[in-house]
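The sequence and structure come first.

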Amino acid sequence: MNIILIGPPGAGKGTQANNLVKTFNLYKVSTGDLLRKEIGNNSNLGTKIKSLIEKGLFVSDEIIDDLIVKILSNTTFYDRLVFDGYPRNLNQAKNLDFLLKKYKQKISCVLSLEVDKELIIKRILGRQICSNCGLIFNDYFMPSSKKNHTCDPKFLSKRTDDNEKTIIKRFETYLKKTLPILDFYNGQNLLHQINGKIEIDQIFKEIRNIIASLEA
Ligand SMILES: [Zn+2]
C-alpha cells in the first residue's frame, strides 16, 4: 500500500502521516527528511543540495526525483510508503507516476485534507509552545490554563514568522500548485477528500475507513 497525503501547512498532515506509519507499518517519505539525510551522507548529491540551500536556491525536481528513486528502488520499502508533502506540483506528480511504473508499484490512494484559510490561520497564529515542558497549546482551540499546564506563562511563546500575511501567502501558493495535482489523481479515481476541520482522531478514523474500503 502506497499512500499520498496532501494538505496545506497547518492541516495536520504530519500527525496523520505518523498515524499511518504506526498503524500500517509504513515508511514516511518527506522530501525535507530525504534532503537532510542526503546532506548528512556527505555524498556528491548531498554536497550539491547543501550548496543550493545555502545559496537560498530551490532544489530542482530532478534532484527530488533522484532521491525518490532511491526509495522506490529499495526493496525494504516496497509498497509501504506514505508520501508526506510530496508531490508538490503537477510535474512532480507526473514524474512520480513514471517512476512508480518503472519500479512496478502504484499509488493505492491519495488523501487530501481539506481545510479553509480561516482555520489554518487560527491553528498557526494561535499556536503556543512552552519552552519549559514542550507542551503545545492554542489560543483559539486549547488555551493554556492552570488546569492543563503548571509552568509559568512566561515560558509560552509563538513562532515569530507565523504572521497572518505569511500564512495566507503560503496557503494561496498551496492551492495554486495543488489543485492541478488533485485533478490529476481524481482523473485516476485515486482521490479521497477528507474534512480536515474535525478532530484529529476522527480524521484518522475516516482514513482507516477509506483504507478498509480499498482492501475490501
Ligand atoms: Zn510548560
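The model is predicted: local features need pLDDT of at least 70 and side-chain atom pairs count only at pLDDT 80 or more, while totals for chains, interfaces and linings use all residues. Residues are numbered from 1 along each chain as its sequence is written, and side-chain values use heavy atoms, with hydrogens and water left out.

The ideal value for four tetrahedral donors is 109.5 degrees.

Helices (H or I, at least four residues) and strands (E, at least two) are DSSP runs, numbered from the N terminus. Cys133 is partly exposed, at 39% relative accessibility, whereas His149 is buried, at 6%. Buried means under 20% relative accessible area, exposed over 50%, and partly exposed in between (1.4 Å probe, protein chains only).

## Sheet

β6, β5 and β7, in that order, form an open sheet with antiparallel pairing. β6 and β7 are the edge strands, each with a single partner, so one side of each has no neighbour in the sheet. Two strands pair if DSSP finds at least two bridges between them.

| Strand pair | Bridges |
|---|---|
| β5 and β6 | three, antiparallel |
| β5 and β7 | two, antiparallel |

Gln128 has Phe137 of β6 as its bridge partner, and Ile129 has Ser157 of β7. Helix α6 (residues 117–125) packs on the sheet and touches β5 and β6, its direction making about 20 degrees with that of β5. Contact means heavy atoms within 4.5 Å; axes are lines fitted to C-alpha atoms, for helices over the stretch in contact, and angles run from 0 to 180 degrees between N-to-C directions. Gln128 and Cys130 make up the covered face of β5, and Arg127 and Ile129 the uncovered one. The hairpin of β5 and β6 has five residues between the strands, and Gly134 in it takes a positive phi near 85 degrees.

## Aromatic pairs

The whole structure contains four aromatic pairs. One of them is Tyr27 with Phe77, which is stacked at 3.9 Å centre to centre and 20 degrees between the planes. Rings of Phe, Tyr and Trp (its six-membered ring) pair if their centres lie within 6.5 Å; planes under 30 degrees apart count as stacked, over 60 as edge-to-face and the rest as tilted. Tyr27 is partly exposed at 24% relative accessible area, while Phe77 is buried at 14%.
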